[in-house]
Amino acid sequence: MTGTGIGAAVPRREDARLLTGRARYGGDIPLSGMVAAAFIRSPHPHARIGNIRADSAGQVFTASHLDGVGPIAPRWDGQGFFPTAQRPLAADKVRYVGEPVAVVVARSRYEAEDLVERIHVSYEPLPPVSDAQQALRPQAPRVHEDNVLYRWSAAHGDPDAAAREADVLLRIAIGSSRCTASPLEGRAVTAWHDGRTLCVWTGTQMPFLIRSALAHCLGLSENTVQVIVPDTGGGFGQKMHLYPEEIVVAWLALRLGIPVQWIEDRRENLVASTQAREEQVELECAARRDGIVLGLRAHITADVGAYHVFPTTAALEPLGVAQILPGPYAVRNYAYDILAVATNKAPTGAYRGVGMTVGVLAMERAMDMLAERCGLDPVEIRRRNLVPDDAVPYRSASGLVYDGGAFQEALDRVCALADYPRLRDIQRVAQAGEKRVGVGVACYVEYTGLGSATFRRRGMVDIPGHEAAAIKVDPGATVRVYLSFPSQGQGHETTMAQLVAEVLRISLDRIVVERVDTMSGPHGSGTFASRTSVAGAGAVLRAAAYIRERATAIAGALLEASPKDVEWADDRLFVRGAPLRAVTFEDVAQAAYRIPQGSGITPGLEAVEYFDPPAPTFSSGAHLAVVEVDPRTGFTRVAGYFVAEDCGRILNPLIVRGQLLGGIAQGIGEALLEHSAYDDQAQPLATTFMDYLLPLAADIPPEVRTIHLEHPSDRPGGFRGMGEGGAIAAPAAIANAVANAIGVQVTRLPLRPEDILSLLERGA
Amino acid sequence: MVNGQARELDVEVRKTLADALREDLALTGTHLGCEHGVCGACTVLVDGRPTRSCLMLAVQAHGHDIDTVESLGTPDHLHPLQQAFWEHHGLQCGFCTPGILMSALWFLRERPHPSREEIRELLSGHLCRCTGYLQIIEAIEAASGATGGRRQ
C-alpha cells in the first residue's frame, strides 16, 4: 500500500468544494434566459381527466402537446410480467396523487407556481385501490387491466417433505411499511437544446440509461442527447429511475428553444418520487425440535403503486426478497411465490437494501420466534443453522452462489464485541427497572456488483450490467479519470483516484476524477446496488493497468532498457538495480506526446476499459442492537450497536465507515420512524418532514462498534460492495431487539411509540 | 450586510431570504432541502444567530447581518470547523453541510466546550440522510478542541 492507495484513510478530495459552498447541485445550474417549470399534479388517486383550462395568458402544456412522446414502459424478459406504460403527462386517467398532469413555465418558480393556481383541471373521480389485499379482490377497481404487475414462483428441494418431517411448523406474517429514500436534495432537471445537442443536467444515478431513455422517448438519436450529472445530494436508489419530469423538461427545452429548469420541492419528493418496500411476507418455517430449519415457504405480496418504474420494474423488490430470504442459513428446501400488485399510490422503486432489507427482516424475525418455540437462545439457533465457514462457496436454496463470507465467524465476533453474555445479565437486572432492555441479532448476506449475466438471468433487459473507466494522461502528466458511474455522495473522486494511485504509484494530486458526462465519458450502467467498488473499480483498475503498461514501455524506450526491467516508485520510473537511471512520470507523459527522435514510441497515453462482473460477489455480516423501550411512552432508544461485517478488502476505511453508519441510520429510521402513510382512499398523509420522520442525531446510538473481517473477493482489488449492508440488517436487528424488550412478537415496521403501546396492550 | 459586505437588493416582498441569497446574490452554498423549516439545510446566521433562511423573507433581512457558508474558509484555507469536517468525514453528499456548519459555528461560540450530548442536541435541528451523524458529532467535537475547547 502506498500512503494514498488501497486501504488508506484518505480524506475526501471532493470535500473542499462541498464544504465551502462551491459545489454545484442540480438547483445551482445557471443558464441565461432560463425559465422555471412547475407541474400541475393530480389531487386524486384515481380519476378520469376532463377539461384542462387556463384562466390566464400563460401557456399550459398537457398530454395532447406531448403526443408522440414515448411513455415510460419498462421491459422484462420472462413470464408473469404485465407491462405498464406511464405517459410523461397523464392522458385520460390519473393513477396516483401527485401524478403530473400538466406543466407551465415562467421566468421564476414563484411566477410558475402562480400560473399553476390558475390552471383548472376537471376530474371524474374513480374508486381508488389503497392496498394490495384490496387490489387482489375480484371486484376491486382496476388500476390497470390486470392489477397484478408481476407474478412468479419457484421451488428448490422439497419443502412439502420438509414440512412433513418437521417437529415445529412456524407460520408468521411480517409486514414492512411503505417508506421513501428522502435524499436531502430532491430531484432537479435542467435542459437546453443548442440546435444540435439536447443537454440535460440531472442528478441521476444512471446517466447513460437516462440518455438512452430520453432519446427513445423523444424520438431523437442517442448521439444528440447529452446527460451531465452535477453534484448530487444523495440518491439511495430513488435517483436510479427515469421520471416523467425528466422527459417533460427535456421536451420543453426542445419545444421552447430556451433553457428550462425544474427543481423538485419536498412535497413533490414525498408524494411523487418513488417510494419503497410495502410488502407482506407470509413465511412458513419447518424445523426440527433442535432448531434446525428444514424448509421454508414464502408468499410475498408487494404493494408496488401505480406503475412499473424504469429500468428496475416492480418485480425487482419482491423478487429480491424471495431470492435473499434464506440468507446465510443452510436451508435446502425452499419455495416461494410473488405477487407485485398495483395500487393507486406512487410507484415504488429501488431504495437502499432493495429486497434484501425485507427478506432479512422476515427471516431474522422467524429465527427469533423459532428460537422461542424451541427454547433456544437466539444466537444459538443461528449458530446451528448458519452455513459453516468451510462450506463457502455455497449455493443457497434460491440459487445464489455465495462466493465468500464467514457467517459463523461474523456472529461469534459480534457477540464477543458486544459481550453478549453480559448484555443478557444487564437485561435481567434491568427488568426490575422502568425501562425494558432488549437485545436483537440479525445475520445477512448482500449481493453486490451485479453484471450483465445476472441482470439477464433475472429478466432485467434494460440494465446493461457493465461499468467503464477512461484514463487520459495529458502532456503535463495530469491523470484524468472519466467514469460511467456518478457519485451521490459516496466519494468516487477519492476512492477511484486511490485505485489509480495504487496502480501507478503516483501522487494523488496528479489525479483528477471528472464529473460524469455522457458526451466525454465511457458507457456504463450507473451507481446502484453496491456496484461501484466491484464493477466500477474493476474498470478503473484495468484502465490504470493499461496506462501502467504503456508508461512502462515509454520509460523503457527513454531509458534504453527493456520494459521488463522498469520499476515504479513515487512518481518515478527507473531501471531495476540502477535507481539513478530514472525518468519521472512527467517525462513519460511528455514523451507520449512529443516523441523523441528514434525512440520508437507510439503517441498517446490513454485507456478505456470495461468491466462486466461475471456473477455477484457477496458481502455478509452480523448486527447486534441493544434497545431500551419505555413502556409508559412506547419510546425506543437504540442504546448500543455492534457490527461484524465482511466487505472484502477495504478501499478507504473512512468511507466504508461512513457507508455503514449512514446505512444503519436509515435502518433505524425504517425500524422506528418512517412511514409513507396513505389513508384508505389512497390519499398520501406524509407530505412534509413533519409527517415523514427521518432519524435525527438524537435517534442514533452513542457509538457503533465495528469489526471488519476483510476476506477478499475474487474481483479486481478484492473488494465486495458494501453500500447497503447497514440498511439491510439494522431494521431486523432493531425489530428483534424491541420484541425481546417488550416480550411481544413484532410483525410489522415501523415501531413508533404508538405502535409499541398498542403491541404492549395486545400482549398484556 | 451579507458576509461582511453591504449589499442592496430590490426583491419581491414574498421572496424568501434563501431564494434571494441563491438567486440574486449567487450564494448557492445555502441549500433548500424542505422549504418548510425542518431540515435545516438553509440555515444561515442572522445577526450571529442560526436562522432558517427558507422561513424568513428577504425584506426582513433589511438592516441585519447575514452570514452564509461562503463567509467561512476557501478550498485552500478551510475554516477550522470545515477542516474538522474534512478530516473526520463529516459529510457525504454535502447538501445538508452548509446549514450544519453555520449552526455549529454559532454553537461553538456560545459553548466552546460542549459535551457529546450537547452536540447531539444541537444537531437534532438538522437532517442528514447520508452520514448517520456520528462522524458529524466527531467533527464538531474535534473542532471544539481545535479552538481551545476541552472535553467534559
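**Chat about chains A and B**

User: Hi! What is the mean pLDDT of chain B?
Analyst: This is a predicted model, where local features need pLDDT of at least 70, side-chain atom pairs count only at pLDDT 80 or more, and totals for chains, interfaces and linings use all residues. The mean for chain B is 95, and 95% of its residues reach 70 or more; pLDDT is the predictor's confidence in each residue, from 0 to 100.

User: Where in chain B is the pLDDT below 50?
Analyst: That is residues 148-152, with residues numbered from 1 along each chain as its sequence is written, chains lettered from A and ligands numbered from 1 in the order in which they are written.

User: Thanks! How many residues does each chain bring to the contact?
Analyst: Chain B brings 45 residues and chain A brings 43. Two residues are in contact if their C-beta atoms, placed from the backbone, lie within 7 Å.

User: And by class, what is on chain B's side?
Analyst: The side of chain B that touches chain A has 22 nonpolar, 16 polar and 7 charged residues. Ala, Val, Leu, Ile, Met, Phe, Trp, Tyr, Cys and Pro count as nonpolar, Asp, Glu, Lys and Arg as charged, and the others, Gly among them, as polar.

User: New topic: at what angle do α9(A) and α10(A) cross?
Analyst: Roughly 105°, with their axes coming within 9 Å. α9(A) and α10(A) are therefore roughly perpendicular (65 to 115 degrees) to each other.

User: Which residues meet there?
Analyst: A:M367, A:D368, A:L370, A:A371 and A:C374 of α9(A) meet A:P378, A:I381 and A:R382 of α10(A). By class, that contact has 6 nonpolar, no polar and 2 charged residues.

Key:
Axes fitted to C-alpha atoms, helices over the stretch in contact; angles between N-to-C directions. Helix = DSSP H or I, 4+ residues; strand = E, 2+ residues; numbered from the N terminus. Parallel < 35°, antiparallel > 145°, perpendicular 65-115°, else oblique.
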